[in-house]
Amino acid sequence: MTEGLSRRHLLRGSALLASGALLPEAALSSQAVATPSGGKASLDLKPLPLKLTHTWTISRSSSTEKKNGLLTFTADGVTGYGEAAANVRYGQSWESGEAAFARVKKAVEGLSPWEHLVYLERAEKEAGGDSQIVAALDTALWDWKGKKLGAPVHRLLGMPTSRMAVTTFTIGIDTADVMQQKVREGAKYPSLKVKVGLPNDKENVEAIRAVTAKPIRVDANEGWVSADEAVAKIKWLASMGIEFVEQPLPASKNDQMKAVKAASPLPLVGDESVLHPRDIPSLVGLFDGINVKLAKCGGITRAYEMAAIGQALGFKLMLGCMIESSLGIAAGVAVAPLYDWLDLDGNLLISNDPFKGLTIVDGRWQEPTGPGLGVVPV
(Lines give C-alpha, C1' and ligand atoms only; values in the text may rest on other atoms or scores of the structure.)
Protein backbone atom coordinates (compact mmCIF):
# COMPACT_ATOMS: atom_id res chain seq x y z
CA MET A 1 0.00 0.00 0.00
CA THR A 2 1.31 3.45 -0.83
CA GLU A 3 0.97 6.68 1.03
CA GLY A 4 -1.18 8.16 -1.73
CA LEU A 5 -3.97 5.65 -1.31
CA SER A 6 -7.08 7.02 0.34
CA ARG A 7 -8.42 5.41 3.52
CA ARG A 8 -11.49 4.39 1.53
CA HIS A 9 -9.34 2.48 -0.92
CA LEU A 10 -7.30 1.02 1.91
CA LEU A 11 -10.42 -0.51 3.45
CA ARG A 12 -12.12 -1.64 0.27
CA GLY A 13 -11.45 -5.24 1.23
CA SER A 14 -13.88 -5.02 4.14
CA ALA A 15 -15.97 -7.93 2.89
CA LEU A 16 -12.95 -10.20 3.23
CA LEU A 17 -12.27 -8.87 6.70
CA ALA A 18 -15.84 -9.35 7.84
CA SER A 19 -15.76 -12.96 6.70
CA GLY A 20 -12.62 -13.66 8.73
CA ALA A 21 -10.05 -13.57 5.91
CA LEU A 22 -7.95 -10.95 7.65
CA LEU A 23 -5.68 -9.06 5.31
CA PRO A 24 -2.87 -8.38 7.82
CA GLU A 25 -2.57 -12.07 8.69
CA ALA A 26 -2.76 -13.10 5.04
CA ALA A 27 -0.05 -10.60 4.17
CA LEU A 28 2.24 -12.18 6.74
CA SER A 29 1.63 -15.79 5.74
CA SER A 30 4.58 -16.05 3.40
CA GLN A 31 6.90 -14.56 6.01
CA ALA A 32 5.47 -16.85 8.66
CA VAL A 33 6.17 -19.93 6.57
CA ALA A 34 9.70 -18.71 5.87
CA THR A 35 10.33 -18.01 9.55
CA PRO A 36 8.83 -20.96 11.45
CA SER A 37 9.00 -21.17 15.21
CA GLY A 38 10.71 -24.19 16.63
CA GLY A 39 10.37 -23.24 20.28
CA LYS A 40 7.55 -23.62 22.76
CA ALA A 41 5.64 -20.43 23.55
CA SER A 42 5.14 -19.33 27.15
CA LEU A 43 2.62 -16.85 28.52
CA ASP A 44 2.52 -14.92 31.77
CA LEU A 45 0.31 -12.25 33.33
CA LYS A 46 1.39 -9.87 36.10
CA PRO A 47 -0.24 -6.80 37.68
CA LEU A 48 0.51 -3.44 36.06
CA PRO A 49 -0.65 -0.81 38.56
CA LEU A 50 -1.19 2.69 37.17
CA LYS A 51 -1.68 5.91 39.15
CA LEU A 52 -3.90 8.71 37.81
CA THR A 53 -2.47 12.24 37.86
CA HIS A 54 -5.95 13.46 38.88
CA THR A 55 -8.94 11.59 40.28
CA TRP A 56 -10.61 10.11 37.19
CA THR A 57 -14.35 10.77 37.23
CA ILE A 58 -16.93 9.98 34.56
CA SER A 59 -20.70 9.83 34.83
CA ARG A 60 -20.75 6.43 36.57
CA SER A 61 -17.56 6.16 38.67
CA SER A 62 -14.38 7.71 40.11
CA SER A 63 -10.89 6.25 40.62
CA THR A 64 -7.35 7.30 41.52
CA GLU A 65 -5.58 4.21 40.22
CA LYS A 66 -6.05 1.30 37.83
CA LYS A 67 -4.86 -2.28 38.22
CA ASN A 68 -4.05 -3.26 34.66
CA GLY A 69 -2.19 -6.39 33.62
CA LEU A 70 1.04 -7.02 31.70
CA LEU A 71 0.80 -10.10 29.46
CA THR A 72 4.07 -11.48 28.12
CA PHE A 73 4.34 -13.92 25.21
CA THR A 74 7.76 -15.51 24.74
CA ALA A 75 8.95 -17.86 21.98
CA ASP A 76 12.28 -18.38 20.23
CA GLY A 77 13.94 -16.03 22.70
CA VAL A 78 11.67 -13.12 21.71
CA THR A 79 9.09 -11.54 24.07
CA GLY A 80 6.00 -9.66 23.01
CA TYR A 81 4.03 -7.46 25.42
CA GLY A 82 0.31 -6.80 25.73
CA GLU A 83 -1.73 -4.79 28.24
CA ALA A 84 -4.99 -5.87 29.87
CA ALA A 85 -7.16 -2.94 30.95
CA ALA A 86 -10.17 -4.04 32.96
CA ASN A 87 -13.36 -1.97 32.75
CA VAL A 88 -15.99 -2.35 35.47
CA ARG A 89 -18.67 -1.22 32.99
CA TYR A 90 -18.31 -4.61 31.31
CA GLY A 91 -18.05 -6.62 34.53
CA GLN A 92 -14.27 -6.88 34.37
CA SER A 93 -11.64 -6.66 37.10
CA TRP A 94 -8.06 -7.75 37.67
CA GLU A 95 -9.42 -10.89 39.36
CA SER A 96 -11.78 -11.81 36.53
CA GLY A 97 -9.00 -11.17 34.03
CA GLU A 98 -6.60 -13.38 35.96
CA ALA A 99 -9.13 -16.22 35.90
CA ALA A 100 -9.81 -15.71 32.19
CA PHE A 101 -6.08 -15.71 31.46
CA ALA A 102 -5.67 -19.11 33.15
CA ARG A 103 -8.37 -20.57 30.89
CA VAL A 104 -6.92 -18.96 27.78
CA LYS A 105 -3.39 -20.07 28.58
CA LYS A 106 -4.52 -23.68 28.82
CA ALA A 107 -6.54 -23.45 25.59
CA VAL A 108 -3.66 -22.14 23.45
CA GLU A 109 -0.97 -24.45 24.82
CA GLY A 110 1.14 -25.99 22.07
CA LEU A 111 0.13 -23.58 19.29
CA SER A 112 2.75 -22.09 16.99
CA PRO A 113 3.19 -18.34 17.49
CA TRP A 114 2.28 -17.92 13.82
CA GLU A 115 -1.22 -19.39 14.32
CA HIS A 116 -2.45 -15.94 15.28
CA LEU A 117 -6.10 -16.38 14.37
CA VAL A 118 -6.33 -19.72 16.18
CA TYR A 119 -4.97 -18.02 19.30
CA LEU A 120 -7.57 -15.30 18.90
CA GLU A 121 -10.51 -17.66 18.35
CA ARG A 122 -9.62 -19.84 21.35
CA ALA A 123 -8.99 -16.81 23.54
CA GLU A 124 -12.36 -15.28 22.67
CA LYS A 125 -14.12 -18.55 23.48
CA GLU A 126 -12.41 -19.00 26.85
CA ALA A 127 -12.24 -15.39 28.02
CA GLY A 128 -15.98 -14.79 27.83
CA GLY A 129 -16.65 -11.18 28.76
CA ASP A 130 -13.01 -10.47 29.59
CA SER A 131 -12.10 -8.95 26.22
CA GLN A 132 -9.21 -7.24 28.03
CA ILE A 133 -7.33 -10.59 28.04
CA VAL A 134 -8.05 -11.23 24.37
CA ALA A 135 -6.77 -7.74 23.55
CA ALA A 136 -3.61 -8.25 25.62
CA LEU A 137 -2.86 -11.57 23.93
CA ASP A 138 -3.53 -10.22 20.44
CA THR A 139 -1.31 -7.21 21.14
CA ALA A 140 1.49 -9.40 22.50
CA LEU A 141 1.31 -11.62 19.41
CA TRP A 142 1.66 -8.61 17.11
CA ASP A 143 4.52 -7.23 19.21
CA TRP A 144 6.26 -10.62 19.13
CA LYS A 145 5.74 -10.94 15.38
CA GLY A 146 7.15 -7.49 14.70
CA LYS A 147 10.21 -8.13 16.85
CA LYS A 148 10.72 -11.55 15.25
CA LEU A 149 10.60 -10.06 11.76
CA GLY A 150 12.47 -6.87 12.72
CA ALA A 151 9.65 -4.55 11.60
CA PRO A 152 7.16 -2.15 13.26
CA VAL A 153 3.65 -3.55 13.68
CA HIS A 154 2.13 -0.67 11.71
CA ARG A 155 4.26 -1.71 8.73
CA LEU A 156 3.16 -5.35 9.00
CA LEU A 157 -0.44 -4.10 9.02
CA GLY A 158 0.15 -2.09 5.84
CA MET A 159 -0.67 1.23 7.51
CA PRO A 160 -0.10 4.39 5.44
CA THR A 161 2.33 6.97 6.77
CA SER A 162 1.49 10.64 7.42
CA ARG A 163 -2.19 9.93 8.04
CA MET A 164 -2.35 10.18 11.81
CA ALA A 165 -5.24 12.25 13.20
CA VAL A 166 -4.74 14.53 16.21
CA THR A 167 -5.63 12.87 19.50
CA THR A 168 -7.84 14.58 22.03
CA PHE A 169 -6.71 15.21 25.62
CA THR A 170 -9.46 14.16 28.02
CA ILE A 171 -10.79 16.31 30.88
CA GLY A 172 -12.49 14.15 33.50
CA ILE A 173 -15.42 15.44 35.55
CA ASP A 174 -14.47 17.55 38.56
CA THR A 175 -15.25 20.94 40.03
CA ALA A 176 -15.25 23.77 37.50
CA ASP A 177 -11.99 25.18 38.93
CA VAL A 178 -10.16 21.86 38.72
CA MET A 179 -11.43 21.24 35.19
CA GLN A 180 -10.04 24.63 34.17
CA GLN A 181 -6.71 23.61 35.72
CA LYS A 182 -6.77 20.36 33.71
CA VAL A 183 -7.28 22.40 30.54
CA ARG A 184 -4.19 24.46 31.38
CA GLU A 185 -2.18 21.28 32.01
CA GLY A 186 -3.19 20.06 28.56
CA ALA A 187 -2.19 23.32 26.87
CA LYS A 188 0.11 21.62 24.36
CA TYR A 189 -2.67 19.40 23.01
CA PRO A 190 -4.77 21.05 20.27
CA SER A 191 -8.07 19.25 20.87
CA LEU A 192 -10.01 18.36 24.04
CA LYS A 193 -12.52 15.74 25.09
CA VAL A 194 -14.70 16.63 28.06
CA LYS A 195 -16.57 14.13 30.20
CA VAL A 196 -20.17 15.03 31.04
CA GLY A 197 -23.28 13.21 32.21
CA LEU A 198 -23.84 14.71 35.68
CA PRO A 199 -26.07 17.58 36.89
CA ASN A 200 -23.17 20.09 36.76
CA ASP A 201 -22.56 19.64 33.01
CA LYS A 202 -23.50 23.21 32.12
CA GLU A 203 -21.30 24.78 34.79
CA ASN A 204 -18.32 22.65 33.80
CA VAL A 205 -18.56 23.18 30.05
CA GLU A 206 -19.02 26.93 30.50
CA ALA A 207 -15.99 27.02 32.79
CA ILE A 208 -13.87 25.21 30.20
CA ARG A 209 -15.10 27.42 27.37
CA ALA A 210 -14.14 30.45 29.46
CA VAL A 211 -10.46 29.44 29.30
CA THR A 212 -10.13 27.85 25.85
CA ALA A 213 -11.37 28.18 22.28
CA LYS A 214 -9.97 24.77 21.27
CA PRO A 215 -12.13 22.18 19.51
CA ILE A 216 -14.04 20.18 22.15
CA ARG A 217 -15.74 16.80 21.92
CA VAL A 218 -18.05 15.61 24.67
CA ASP A 219 -18.59 12.13 26.16
CA ALA A 220 -21.69 11.49 28.27
CA ASN A 221 -20.78 7.84 29.05
CA GLU A 222 -24.48 6.85 29.14
CA GLY A 223 -25.11 9.60 31.70
CA TRP A 224 -28.38 11.03 30.37
CA VAL A 225 -31.49 9.07 31.27
CA SER A 226 -33.98 9.94 28.53
CA ALA A 227 -34.17 10.99 24.90
CA ASP A 228 -35.69 14.35 25.91
CA GLU A 229 -32.84 15.09 28.33
CA ALA A 230 -30.24 14.04 25.77
CA VAL A 231 -31.70 16.22 23.02
CA ALA A 232 -31.92 19.25 25.31
CA LYS A 233 -28.33 18.80 26.47
CA ILE A 234 -27.05 18.26 22.93
CA LYS A 235 -28.78 21.38 21.60
CA TRP A 236 -27.21 23.43 24.38
CA LEU A 237 -23.79 21.87 23.70
CA ALA A 238 -24.12 22.85 20.04
CA SER A 239 -24.43 26.46 21.16
CA MET A 240 -21.09 26.03 22.96
CA GLY A 241 -19.26 25.02 19.80
CA ILE A 242 -18.95 21.30 20.60
CA GLU A 243 -17.90 19.03 17.69
CA PHE A 244 -19.79 15.84 18.56
CA VAL A 245 -21.25 13.85 21.44
CA GLU A 246 -20.43 10.30 22.51
CA GLN A 247 -22.96 7.85 23.95
CA PRO A 248 -25.78 10.14 25.12
CA LEU A 249 -27.96 7.32 26.48
CA PRO A 250 -27.31 3.95 28.12
CA ALA A 251 -26.69 1.17 25.60
CA SER A 252 -29.82 -0.50 26.94
CA LYS A 253 -31.81 2.41 25.48
CA ASN A 254 -30.57 2.09 21.90
CA ASP A 255 -34.22 1.93 20.84
CA GLN A 256 -34.48 5.65 21.72
CA MET A 257 -31.37 6.70 19.80
CA LYS A 258 -33.12 7.02 16.44
CA ALA A 259 -35.25 9.85 17.85
CA VAL A 260 -32.20 11.48 19.47
CA LYS A 261 -30.24 11.31 16.23
CA ALA A 262 -33.13 12.81 14.26
CA ALA A 263 -33.30 15.81 16.61
CA SER A 264 -29.57 16.25 17.21
CA PRO A 265 -27.74 19.21 15.63
CA LEU A 266 -24.44 17.43 16.37
CA PRO A 267 -22.97 14.12 15.18
CA LEU A 268 -23.44 11.26 17.66
CA VAL A 269 -20.87 8.52 18.31
CA GLY A 270 -21.62 5.14 19.86
CA ASP A 271 -19.18 3.83 22.47
CA GLU A 272 -20.72 1.54 25.09
CA SER A 273 -23.22 0.50 22.41
CA VAL A 274 -20.49 -1.10 20.27
CA LEU A 275 -18.09 -3.67 21.66
CA HIS A 276 -17.37 -6.15 18.88
CA PRO A 277 -17.48 -6.27 15.05
CA ARG A 278 -20.85 -8.05 15.21
CA ASP A 279 -22.45 -5.05 17.01
CA ILE A 280 -21.86 -2.54 14.21
CA PRO A 281 -24.70 -3.33 11.76
CA SER A 282 -27.39 -2.86 14.42
CA LEU A 283 -26.28 0.76 14.97
CA VAL A 284 -27.01 1.97 11.43
CA GLY A 285 -29.44 4.89 11.72
CA LEU A 286 -28.78 5.36 15.45
CA PHE A 287 -25.31 6.94 15.42
CA ASP A 288 -23.11 8.82 12.98
CA GLY A 289 -19.90 7.19 14.20
CA ILE A 290 -18.52 4.38 16.32
CA ASN A 291 -15.82 4.48 19.01
CA VAL A 292 -13.60 1.40 18.85
CA LYS A 293 -11.34 0.50 21.78
CA LEU A 294 -8.86 -2.35 21.65
CA ALA A 295 -9.56 -3.45 25.22
CA LYS A 296 -13.28 -3.88 24.55
CA CYS A 297 -13.14 -5.36 21.02
CA GLY A 298 -10.23 -7.77 21.54
CA GLY A 299 -7.13 -6.05 20.19
CA ILE A 300 -5.43 -4.80 17.06
CA THR A 301 -6.82 -7.51 14.75
CA ARG A 302 -10.45 -6.84 15.68
CA ALA A 303 -9.90 -3.06 15.52
CA TYR A 304 -8.71 -3.54 11.94
CA GLU A 305 -11.89 -5.49 11.20
CA MET A 306 -14.12 -2.91 12.86
CA ALA A 307 -12.59 -0.09 10.83
CA ALA A 308 -13.38 -1.97 7.64
CA ILE A 309 -16.93 -2.92 8.61
CA GLY A 310 -17.73 0.52 10.05
CA GLN A 311 -16.44 2.31 6.97
CA ALA A 312 -18.39 -0.02 4.68
CA LEU A 313 -21.59 0.82 6.60
CA GLY A 314 -21.01 4.57 6.39
CA PHE A 315 -19.87 5.34 9.93
CA LYS A 316 -17.21 7.85 10.90
CA LEU A 317 -14.48 5.99 12.76
CA MET A 318 -13.11 6.88 16.19
CA LEU A 319 -10.36 5.00 18.02
CA GLY A 320 -10.42 5.39 21.78
CA CYS A 321 -8.70 3.82 24.79
CA MET A 322 -9.00 2.98 28.47
CA ILE A 323 -6.65 4.28 31.16
CA GLU A 324 -3.57 2.49 29.86
CA SER A 325 0.21 2.78 29.80
CA SER A 326 2.22 3.63 26.68
CA LEU A 327 2.09 -0.08 25.85
CA GLY A 328 -1.68 -0.07 25.41
CA ILE A 329 -1.61 3.25 23.57
CA ALA A 330 1.16 1.98 21.25
CA ALA A 331 -1.14 -0.86 20.20
CA GLY A 332 -3.76 1.73 19.26
CA VAL A 333 -1.22 3.85 17.40
CA ALA A 334 -0.35 0.82 15.24
CA VAL A 335 -3.84 0.78 13.70
CA ALA A 336 -4.74 4.46 14.18
CA PRO A 337 -4.22 5.62 10.55
CA LEU A 338 -7.45 3.82 9.63
CA TYR A 339 -9.48 6.11 11.93
CA ASP A 340 -10.95 9.59 11.42
CA TRP A 341 -10.87 10.65 15.09
CA LEU A 342 -8.48 9.61 17.86
CA ASP A 343 -8.80 9.64 21.63
CA LEU A 344 -5.53 7.89 22.52
CA ASP A 345 -4.46 9.66 25.68
CA GLY A 346 -4.69 7.09 28.49
CA ASN A 347 -0.95 7.24 29.12
CA LEU A 348 -1.04 11.04 29.27
CA LEU A 349 -3.36 10.84 32.29
CA ILE A 350 -1.10 8.70 34.52
CA SER A 351 1.93 9.63 36.62
CA ASN A 352 3.87 6.33 36.57
CA ASP A 353 4.00 5.14 32.96
CA PRO A 354 5.93 1.81 33.04
CA PHE A 355 6.73 1.88 29.29
CA LYS A 356 8.60 4.34 27.11
CA GLY A 357 9.19 4.90 23.41
CA LEU A 358 6.10 6.73 22.14
CA THR A 359 6.44 10.28 20.85
CA ILE A 360 3.68 12.82 20.35
CA VAL A 361 4.18 16.02 18.32
CA ASP A 362 1.50 18.73 18.17
CA GLY A 363 -1.09 16.22 19.31
CA ARG A 364 -0.16 13.56 16.75
CA TRP A 365 1.38 10.25 17.75
CA GLN A 366 4.45 9.39 15.71
CA GLU A 367 4.60 5.91 14.21
CA PRO A 368 7.51 4.07 15.88
CA THR A 369 10.48 3.05 13.76
CA GLY A 370 11.65 0.24 16.04
CA PRO A 371 10.45 -3.37 15.77
CA GLY A 372 7.15 -4.51 17.21
CA LEU A 373 5.07 -1.87 18.96
CA GLY A 374 8.13 0.32 19.46
CA VAL A 375 7.88 0.63 23.26
CA VAL A 376 10.01 -0.95 25.98
CA PRO A 377 9.68 -1.27 29.77
CA VAL A 378 11.11 1.62 31.76
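## Helix 14

The buried residues of helix 14 are S326, L327, G328, I329, A330, A331, G332, V333, A334 and V335. Buried denotes a relative accessible area under 20%, exposed over 50%, and partly exposed the range in between, with a 1.4 Å probe and protein chains only. Helices (H or I, at least four residues) and strands (E, at least two) are DSSP runs, numbered from the N terminus.

## Basis of the model

The model is predicted: local features require pLDDT of at least 70, side-chain atom pairs count only at pLDDT 80 or more, and totals for chains, interfaces and linings use all residues. Residues are numbered from 1 along each chain as its sequence is written, and side-chain values use heavy atoms, with hydrogens and water left out.

An open sheet is formed by 3 strands in the order 1-2-3, with antiparallel pairing. Its edge strands are strand 1 (42–58) and strand 3, each of which pairs on one side only. On average, neighbouring strands of this sheet are turned by 20 degrees against each other, direction ignored; the axes are lines fitted to C-alpha atoms, for helices over the stretch in contact, and angles run from 0 to 180 degrees between N-to-C directions. Two strands are taken to pair if DSSP finds at least two bridges between them.

Strand 1 and strand 2 form a hairpin with 2 residues between them, and their antiparallel pairing extends over 13 bridges. Within strand 2, K67 is the bridge partner of P49, and S61 stands opposite I58.

Strand 5 (residues 192–195) and strand 6 (residues 216–219) run parallel and are joined by 4 bridges. V194 stands opposite V218 in strand 6.

## Aromatic contacts

The whole structure contains 6 aromatic pairs. Rings of Phe, Tyr and Trp (its six-membered ring) pair if their centres lie within 6.5 Å; planes under 30 degrees apart count as stacked, over 60 as edge-to-face and the rest as tilted. The ring centres of F73 and W144 are 6.0 Å apart and the planes stand at 80 degrees, so this pair is edge-to-face. F73 belongs to strand 2 (residues 61–75) and W144 to helix 6 (residues 131–149), and the pair links these distant parts of the chain, 71 residues apart. F73 is buried, at a relative accessible area of 0%, and W144 is likewise buried, at 0% relative accessibility.

The rings of Y81 and F355 have centres 5.6 Å apart and planes at 70 degrees, so they too form an edge-to-face pair. Y81 lies in strand 3 (residues 78–84) and F355 in strand 12 (residues 355–356), so the pair ties together parts that are 274 residues apart in sequence. Both Y81 and F355 are buried. One aromatic cluster is formed by F73, W114, Y119 and W144.

## Cysteines

A search of the whole structure finds 0 disulfides, a disulfide being a pair of cysteine sulfur atoms within 2.5 Å. C297 is buried at 2% relative accessibility, and C321 is buried with a relative accessible area of 11%.
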